[in-house]
Amino acid sequence: MTDLHSDRILILDFGSQYTQLIARRVRELGVYCEILPWDADPAKVGAFGAKGVILSGGPESVTEAGSPRAPEIVWSLGVPVLGICYGLQTMTAQLGGTVEVGTTREFGYAEIRARGHSALLRDIQDRANAEGHGLLDVWMSHGDRVTQLPPGFKVIASTADVPIAGIADEERRYYGLQFHPEVTHTTQGRAVYSRFVHDICGCGQAWTAANVIEDAVERVRAQVGERKVLLGLSGGVDSSVVAALLHRAIGDQLTCVFVDHGLLRLHEGDQVMQALGENLGVRIVRVNAAPRFLGALAGVDDPEAKRKIIGKLFIEVFEAEAQKLEDVAFLAQGTIYPDVIESAGAATGKAHVIKSHHNVGGLPTHMKLKLVEPLRELFKDEVRRIGTELGLPKTLVHRHPFPGPGLGVRILGAVTQQAADTLRHADAIFIEELRRAGWYEKTSQAFAVFLPVKSVGVTGDGRRYAPVIALRAVETVDFMTARWAHLPYELLDVCSRRIVNEVSGVSRVVYDISGKPPATIEWE
């Protein structure tokens with residue numbers, strides 16, 4: 001079997017919002033990589049076995065006392081190193097060059113001229129100028145700048161405002177770039193990373209969806225043996241892919257429990273049962289717990305209280321079903337790599353943005369089940385590719401994120417059966433029209449919200465007060481920041497007319513044009 005981890009790149013994170021994007025770009029090139037914080041234990045850095053190291057960008061200034069530095073062991077590993085933005089600056093400072101606070105800041109588009117032919121940028125260009133010099137369209141985000149090269153380095157790129165926008169020590173295979181190759185605005189970014197990981201570091205391209213599946217199947221079989229595995233199936237992308245993957249690995253040793261809490265999207269439960277149960281043959285126990293959930297939520301309008309009620313009750317229902325099964329030794333979870341990274345940051349206090357995840361950190365002690373987490377090394381886009389490779393339908397694999405409490409946090413105020421049914425229908429119309437117009441794939445998350453207000457409306461010759469539906473659609477890369485999707489007026493018009501005409505008891509439709517920040521993506 002192919003060893004997916006023999007060729008590996010280590011990414012040291014200095015707090016950039018793009019660090020995970022760097023890792024995704026490397027993975028897309030067929031190379032396994034991991035992210036560690038800049039102040040990781042040097043012994044762990046040395047033992048990682050990297051064929052190359054990438055130093056990420058970051059929000060700090062190298063010129064400030066106590067600012068982050070790469071572990072000294074990086075410079076003694078004997079492997080290529082690529083510094084991006086802050087990574088370039090700390091490389092410069094640590095190896096004997098000078099970094100100063102810039103008088104001219106660069107944020108956004110810039111045109112780079114490639115200079116001093118280097119192994120990293122040679123023959124990579126968007127176009128050439130009249131003198132035949134290669135030019136690159138790139139994306140910058142920096143204030144500090146390199147003003148003096150470290151010994152042994154040469155300039156390999158510059159802009160009209162920044163004379164030193166790229167450096168190289170070809171003998172030691174150290175490279176630094178002031179721009180960000182990982183963002184889509186740097187049009188040749190993929191070529192730059194390919195040159196580094198494939199040509200300079202000598203990595204192959206073993207990290208493919210087919211190989212990842214083969215590797216995961218073998219690992220699961222080795223871990224589980226003949227014992228049984230339980231999975232809480234939510235219907236989301238991660239748990240659905242885990243179900244399909246485990247079914248391929250261990251077949252009927254897997255039992256999934258699907259708790260329908262009555263707060264799912266239109267026909268979602270049936271779609272999950274068909275895609276996984278009927279089409280793939282996964283063993284699924286479906287529990288209709290809608291009356292129990294709606295009863296517990298009656299009269300509760302505080303968002304956090306709703307989340308706690310739904311979460312606690314979900315665990316109770318799930319555990320009750322689990323106790324009916326015999327000889328279960330493992331609990332499967334849909335933990336993915338960003339969960340691991342962010343939870344590690346929260347545990348150490350090193351992360352600039354701290355986010356906790358229920359999937360990471362173990363189980364209630366009374367359950368006494370061991371964990372199976374076959375997606376733990378994967379990013380979300382990789383999970384989607386794995387799902388497609390396993391035969392899951394595109395509509396399931398590429399579905400927008402859906403909150404754990406479901407419609408419970410998209411119904412503002414108290415949750416009722418009528419509100420849930422109204423919202424389900426309105427949301428389905430919105431998504432249907434987005435798909436029809438080709439906008440579903442262009443947006444990162446889109447949904448309807450039930451507002452706890454009534455607005456006057458006119459139907460026929462009568463007036464009535466009826467609920468209001470808000471529509472929300474955003475575009476984002478990492479869900480940490482987002483901009484509202486600029487949907488065509490014609491599309492919004494169709495959505496509004498259909499919802500008001502087809503959904504009983506809706507008087508008005510509004511569109512949310514708030515970005516994140518200051519708003520969050522979800523309303524609660």
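In which loop is Asp327 found? In this predicted model, where residues are numbered from 1 along each chain as its sequence is written, Asp327 sits in the loop between helix H9 (303-322) and strand S14 (328-332). Here helices (H or I, at least four residues) and strands (E, at least two) are DSSP runs, numbered from the N terminus. Local features need pLDDT of at least 70, side-chain atom pairs count only at pLDDT 80 or more, and totals for chains, interfaces and linings use all residues, while side-chain values use heavy atoms, with hydrogens and water left out.

Asp327 is not a glycine, yet its phi is positive, about 60°. His267 also isn't a glycine and has a positive phi of about 60°; its place is the loop between strand S12 (254-260) and helix H7 (268-278). For background, most residues other than glycine have a negative phi, and most peptide bonds are trans. Asp327 counts as exposed at 63% relative accessibility, and His267 does too at 51% (buried is under 20% relative accessible area, exposed over 50%, partly exposed in between, with a 1.4 Å probe and protein chains only).

On the peptide-bond side, a cis bond joins Lys516 and Pro517, with omega about -10°. Another cis bond links Pro517 and Pro518, with omega about 5°.

Zooming out, the protein has 14 helices and 19 strands, and 54% of its 524 residues count as buried. Among contacts (heavy atoms within 4.5 Å) with a separation of 6 or more, 75% come from residues 24 or more positions apart.

Helix H3 (residues 86-94) is largely enclosed by the rest of the structure, because 8 of its 9 residues are buried. Among them are Tyr86, Leu88, Met91 and Gln94. Gly96 follows H3 and has a positive phi, near 105°.

As for cysteines, the disulfide count (pairs of cysteine sulfur atoms within 2.5 Å) comes to 0. Cys203 is in no disulfide, and the nearest cysteine sulfur, that of Cys201, is 5.4 Å away. Cys203 is buried, with a relative accessible area of 6%, and Cys495 is buried at 0%.
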